[in-house]
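Follow the account below with the model open beside it.

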Amino acid sequence: MSAIHPSAVVDAGARLGADVRVGPFCVVGPDVVLGDETVLDSHCVVTGRTELGARCRVYPFAAVGTPPQDIKYAGEPSGLTVGPETTIREHATLNPGTVGGGMHTRVGARCLLMVGAHVAHDCSIGDDVIMANQATLGGHVRIGNGAVLGGITAVHQFVRIGAGAMIGGMTGVEHDVIPYGMALGNRARLNGLNIVGLRRQNLDRAAIQTLRQAYSELFESDDGTFQSRIAAVARRYGTDPRVAEVLEFLRADASRPLCQPARDDGG
């Protein structure tokens, strides 16, 4: 049975699943759906056409589903979906989509959005993503499963961050980051692979070594053009599923350039 604190304001149109808890001074809008066992701690706002999956938890002063910070937004009925078991910590902000981005923002399952994290309009975040304190996404950002964004990271609009990537703290990301890559810097530069993350996935040494070799041939070699190196890596290692994932990422249409390692001349 759901429990709603007397000081909370829950619109009659909101749909609450079983055993939902709404704490003191929360506000829940008329088009909101709260999944089973979801908890709103206190002093948080969930509004707009927002759906939270089962067993989500929203901490005080978070604003979930408030209008996009896009001057072109004119009140269109866009939406926000958050997957089950995702945690939204204090002062985090999540905005729904816009006409220019498909009208929907999506956050996957089991994500952790730490204090002050911001998910802008039309973003798509995979499962098991961690955004540390004050990490900020511009509009239309795509983040793959299991990626980690360090504190005070800022991601430019339309950037893609591949699955399993690690973005160091205080990094400005303006170019796409490959799956399993590790990027850091005032303006992010690719800095190898996220080896710690790969080990946490229980990937064996041989598989990590294959991915390392593919990375080296793609990004550390001067042989031929980048496209020719992609073709060579596909021939040598394309049957490996993680290498194949990186190659698919590199071949996909993209709105932003690719994050590359820094050159020896400091560029």
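Helix α2 passes α3 in a right-handed crossing; a crossing is right-handed if the near helix is turned clockwise from the far one by less than a right angle, and left-handed if anticlockwise. This is a predicted model, in which local features need pLDDT of at least 70 and side-chain atom pairs count only at pLDDT 80 or more, while totals for chains, interfaces and linings use all residues. Residues are numbered from 1 along each chain as its sequence is written, and side-chain values use heavy atoms, with hydrogens and water left out. Helices (H or I, at least four residues) and strands (E, at least two) are DSSP runs, numbered from the N terminus.

Two packed helices are described by the angle between their axes and the distance between the axes. Here the axes of α2 and α3 (residues 226-237) come within 9 Å and cross at roughly 160°. Axes are lines fitted to C-alpha atoms, for helices over the stretch in contact, and angles run from 0 to 180 degrees between N-to-C directions. The two helices are therefore roughly antiparallel, the term for angles over 145 degrees.

Which residues of α2 and α3 meet? From α2 come T210, Q213, A214, E217, L218 and F219, and from α3 come F226, R229, I230, V233, R236 and Y237; contact means heavy atoms within 4.5 Å. By class, this contact of α2 with α3 has seven nonpolar, two polar and three charged residues. Ala, Val, Leu, Ile, Met, Phe, Trp, Tyr, Cys and Pro count as nonpolar, Asp, Glu, Lys and Arg as charged, and the others, Gly among them, as polar.

The structure holds two aromatic pairs. Rings of Phe, Tyr and Trp (its six-membered ring) pair if their centres lie within 6.5 Å; planes under 30 degrees apart count as stacked, over 60 as edge-to-face and the rest as tilted. Y215 and F219 have ring centres 5.1 Å apart and planes at 40°, so this pair is tilted. Both lie in α2, four residues apart, about one turn of the helix. F219 and F226 form a tilted pair too, 5.6 Å centre to centre with 45° between the planes. F219 is buried at a relative accessible area of 10%, and F226 is buried at 19%; buried means under 20%, exposed over 50% and partly exposed in between (1.4 Å probe, protein chains only).

Most residues other than glycine have a negative phi. R110 has a positive phi of about 60°, and N202 one of about 65°. R110 is in the loop between β15 (104-107) and β16 (112-113) and is partly exposed at 42% relative accessibility. N202 is in the loop between α1 (195-200) and α2 (205-220) and is exposed at 70%.

Notes. Angles under 35 degrees count as roughly parallel, over 145 as roughly antiparallel, 65 to 115 as roughly perpendicular and the rest as oblique.
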